[in-house]
Amino acid sequence: MNPVDVNLIDIIQFLFMGIQRGCIYAMVAMGFNMIYNATGIINLAQGEFVVLGGLMMVTLTMTLHLPVALAFVFTVFFGVAAGILMERLTINPVKQPTVLRLVIITVAVSIITKGGAMIFWGKGSHYMDHFSSAEPLDFHGATILPQTLWIIGILLLVVVAYVFFFNFTMTGKCMRACAINRDAARLAGIDDRKMVMLSFALSAGIGAIAGIIITPVIQIDYARGAMLGLKGFGAAVLGGLGNSTGAVAAGILLGVLEALGAGYISSHYMDAIALVILLFVLFVRPSGIFGNSEAMRLKEF
Amino acid sequence: MRGKNSVGFIILILSVIVLPHIITNDYYLGSLIFTGLNSLACIGLCLLMGYAGQISIGHGAFVAIGAYGAGILTANYGWSPWPAMGFSMLLAAFVAIILGIPALRLKGHYLAMATLGFASIVHVVTVAAVDVTGGPSGIVNIPRPNLFGYLLDTDTRYFYFVWAVVIIGVYCAFNLIDSRVGRGLRALHGSEDAAASLGIPVTWYKVQVFILSAVYASLSGSLYACYVNYIDPGPFDVSYSVLLITMVAVGGLHNIWGALTGAVVLSLLPEFLSFISDYLRLFGIRYQQDYNTLVYGMILLFIMLFLPEGIFSGLRGGLARVFAVFKKSGQASLEGEFAGQSSAEKLLGSLSGHDQ
């Protein structure tokens with residue numbers, strides 16, 4: 001095998017790793033966008049939804065030995081319930097919402113979730129079996145984990161469901177109407193409070209799915225939420241805040257850039273790479289690479 | 001500095017003078033020093049959150065800059081602590097300009113995410129840049145500073161020194177609030193567009209406050225490094241930044257005294273919790289240190305939901321209400337003595353439906 005091939009195999013290997021991570025960032029970013037579109041706030045507890053999903057899945061499959069499919073469904077319901085609970089208990093009761101106050105409330109929820117998860121699941125990291133075999137598959141000299149294929153497949157399913165929901169169902173269209181102009185939507189008879197609750201439910205559900213599918217690869221622990229949330233936010237900004245198709249592309253791009261950076265620059269600084277990109281985009285083009293700067297100017301956040 | 005603030009100042013100065021005479025235990029004196037350091041960072045953060053209406057979720061990074069700046073320059077390069085602290089403050093200000101100008105030019109809360117990202121980067125660097133920061137094992141042998149020939153070597157001396165800095169910090173913050181910039185800040189907190197139409201340079205004011213808050217945080221970090229003589233990346237992660245926000249929000253966003261109250265209450269809360277845990281055990285509750293995070297989160301959530309102005313304003317409002325009730329009941333009873341007859345007649349009249 002000549003050196004060129006070796007380099008190529010390296011690149012493919014990094015690409016696989018990047019896409020695997022990127023899918024997770026994409027899903028976290030979609031969660032950010034849903035809540036942002038419905039309320040105009042950034043939910044800083046978004047990463048915590050991912051951790052909750054992962055930890056719940058570990059308990060259901062590894063301790064209770066439920067079949068993966070059943071545990072998957074239960075965990076998503078658990079995530080949705082957590083999202084609804086958060087909205088009903090902490091966002092809905094606020095009488096005079098200001099962005100600053102709501103953002104601090106989401107910070108509080110993230111601290112509580114983190115503290116609760118630490119008490120309930122302990123400080124150690126949790127191992128979970130891969131969905132199918134843990135044997136890497138060979139791909140022209142590079143290897144890919146079957147779990148990565150699961151991750152890509154589930155992301156595709158989520159995106160299809162997302163597009164279907166927001167374009168072809170009445171509830172989805174109502175949510176989009178609220179995102180575009182809440183007052184006008186209310187005048188048209190849409191219950192915007194209910195849409196806010198729904199956005200938290202869906203966003204937590206997607207977060208839980210992300211947690212479920214990534215846990216076999218990264219071994220989840222209670223403190224992972226902040227970094228996952230932050231990188232997901234990076235993807236959301238990169239794709240244009242509020243634009244979920246942009247977020248998916250940006251998430252995968254961010255994951256790939258991070259993997260290439262870790263491979264070719266320094267693995268110690270891997271976590272910093274995505275964040276430097278986040279800062280750079282925030283400063284140079286805050287509307288994101290796929291976003292519309294005109295539309296951005298009208299947003300509240 | 002007028003009225004209520006000077007009362008607050010006298011209370012603060014008196015309690016600082018008296019406390020070391022009451023508390024002679026080194027451990028508790030140490031936690032009061034940490035309380036002072038947290039207070040210093042919180043004063044700056046309060047100016048940013050309460051007055052400029054911006055949130056920074058990465059203030060721990062500026063504390064880290066202060067701590068590492070002072071630590072590296074003194075321990076590795078043999079600088080004296082004072083110039084090292086000054087240099088760290090300049091560095092923090094410079095970083096704040098670089099971060100603040102682009103983030104604050106945008107409307108809304110981009111600064112929150114920019115600072116959060118920046119704080120995470122700083123944390124990664126403190127762990128990974130082993131040559132400069134010592135990596136996970138940190139920096140040792142950071143000297144205590146010398147003040148006018150007195151080496152600040154005992155906890156009592158350091159306590160007085162740190163709290164003197166806090167008092168100066170509070171004084172400067174009040175001066176800022178009473179100045180033209182402070183009034184401008186309050187205006188832009190209400191409405192940025194309205195403030196801009198009155199000729200207030202909105203972005204520049206916000207950047208200035210952000211720089212100032214970064215300098216406060218950096219000084220707090222430098223004093224921390226010189227106090228414990230040893231730093232590692234552990235205390236400066238994102239959860240410390242979140243803790244600072246919690247302190248300011250719990251105490252009261254729109255009031256320096258509130259931020260100070262929050263810093264004091266939450267810094268001493270772990271001591272209090274470990275104190276009451278002995279009693280909780282009597283009721284069969286086994287309280288552990290691990291629950292602290294949860295308790296902090298709960299407190300922050302409850303304050304934000306039910307007392308959005310913070311405990312300081314809440315306490316003040318509560319006291320005012322109690323006084324008002326006393327005043328009213330006092331007046332009512334006085335009136336009752338003189339006019340008891342007529343009011344009883346009125347009551348009877350209204351009951352029987354007769355008009356007088």
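This is a predicted model: local features need pLDDT of at least 70, side-chain atom pairs count only at pLDDT 80 or more; totals for chains, interfaces and linings use all residues.
B:S39 belongs to helix α2 of chain B, which covers residues 26-51. With a relative accessible area of 0%, B:S39 is buried.

B:I43 lies in helix α2 of chain B as well. Its relative accessible area is 0%, so B:I43 is buried. Not counting residues up to four places away in sequence, B:I43 touches B:V166, B:G169, B:V170, B:A173, B:Y216, B:I256 and B:L260. An α-helix has 3.6 residues a turn, so residues three or four places apart point the same way.

## Chain B as a whole

Chain B contains 14 helices and two strands. It has 356 residues, of which 51% count as buried. Its accessible surface comes to about 16700 Å², and 67% of that belongs to carbon and sulfur atoms.

Among the contacts in chain B with a separation of 6 or more, 78% are between residues 24 or more positions apart.

## Nonpolar cores

The largest nonpolar core has 205 residues, and within it B:F62 and B:I256 touch the most other members. Helix α10 of chain B, residues 202-228, supplies the largest share of this core, 15 residues. A second, separate core consists of five residues, including A:I12, A:F16, A:A142 and A:I144.

What does B:I256 touch, not counting residues up to four places away in sequence? The list is B:I43, B:C46, B:L47, B:Y51, B:V170, B:A173, B:F174 and B:I177.

Helix α10 of chain B has 27 residues, which at 1.5 Å a residue should span 39 Å. The C-alpha atoms at its ends are 39 Å apart, in agreement with that value. The helix is mostly covered, with 21 of its 27 residues buried. Just after α10(B) comes B:N229, which takes a positive phi of about 65°.

Helix α2 of chain A, residues 46-63, can be checked by the same rule: its 18 residues should span 26 Å at 1.5 Å a residue, and its end C-alpha atoms are 26 Å apart, which agrees. Of the 18 residues of α2(A), 15 are buried, so this helix is largely enclosed by the rest of the structure. After α2(A) comes A:H65, with a positive phi near 55°.

## Aromatic pairs

Over all chains, the structure holds 25 aromatic pairs. One of them joins B:F62 and B:F118, with 5.9 Å from centre to centre and 40° between the planes, and this pair is tilted. B:F62 lies in helix α3 of chain B (residues 59-76) and B:F118 in helix α5 of chain B (residues 110-128), so the pair ties together parts that are 56 residues apart in sequence. Both B:F62 and B:F118 are buried.

Why is the pair of B:W82 and B:F161 edge-to-face? The ring centres of B:W82 and B:F161 are 5.6 Å apart and their planes stand at 75°, and planes over 60 degrees apart count as edge-to-face. B:W82 is in helix α4 of chain B (residues 81-105) and B:F161 in helix α7 of chain B (residues 155-178), so this pair ties together parts that are 79 residues apart in sequence. B:W82 is partly exposed, with a relative accessible area of 31%, while B:F161 counts as buried at 11%. B:W82 and B:F161 also belong to one aromatic cluster with B:F34, B:Y68, B:Y158, B:Y224, B:Y227 and B:F236.

## Cysteines

How many disulfides are there over all chains? The count comes to zero. A:C174 is in no disulfide, and the nearest cysteine sulfur, that of A:C178, is 7.2 Å away. A disulfide needs the two sulfur atoms within 2.5 Å. For A:C178, which is likewise in no disulfide, the nearest cysteine sulfur is that of A:C174.

A:C174 counts as buried because its relative accessibility is 13%, and buried means under 20%. A:C178 counts as buried at 4% relative accessibility.

Definitions and conventions: Residues are numbered from 1 along each chain as its sequence is written. Chains are lettered from A and ligands numbered from 1 in the order in which they are written. Side-chain values use heavy atoms; hydrogens and water are left out. Helices (H or I, at least four residues) and strands (E, at least two) are DSSP runs, numbered from the N terminus. Buried means under 20% relative accessible area, exposed over 50%, partly exposed in between (1.4 Å probe, protein chains only). The expected span of a helix is 1.5 Å times one less than its number of residues. A nonpolar core is a set of buried Ala, Val, Leu, Ile, Met, Phe, Trp, Tyr and Cys residues joined through side-chain atoms within 4.5 Å. Contact means heavy atoms within 4.5 Å. Accessible areas come from the Shrake-Rupley method with a 1.4 Å probe; for residues, only the protein chains shown count as cover. Rings of Phe, Tyr and Trp (its six-membered ring) pair if their centres lie within 6.5 Å; planes under 30 degrees apart count as stacked, over 60 as edge-to-face and the rest as tilted.
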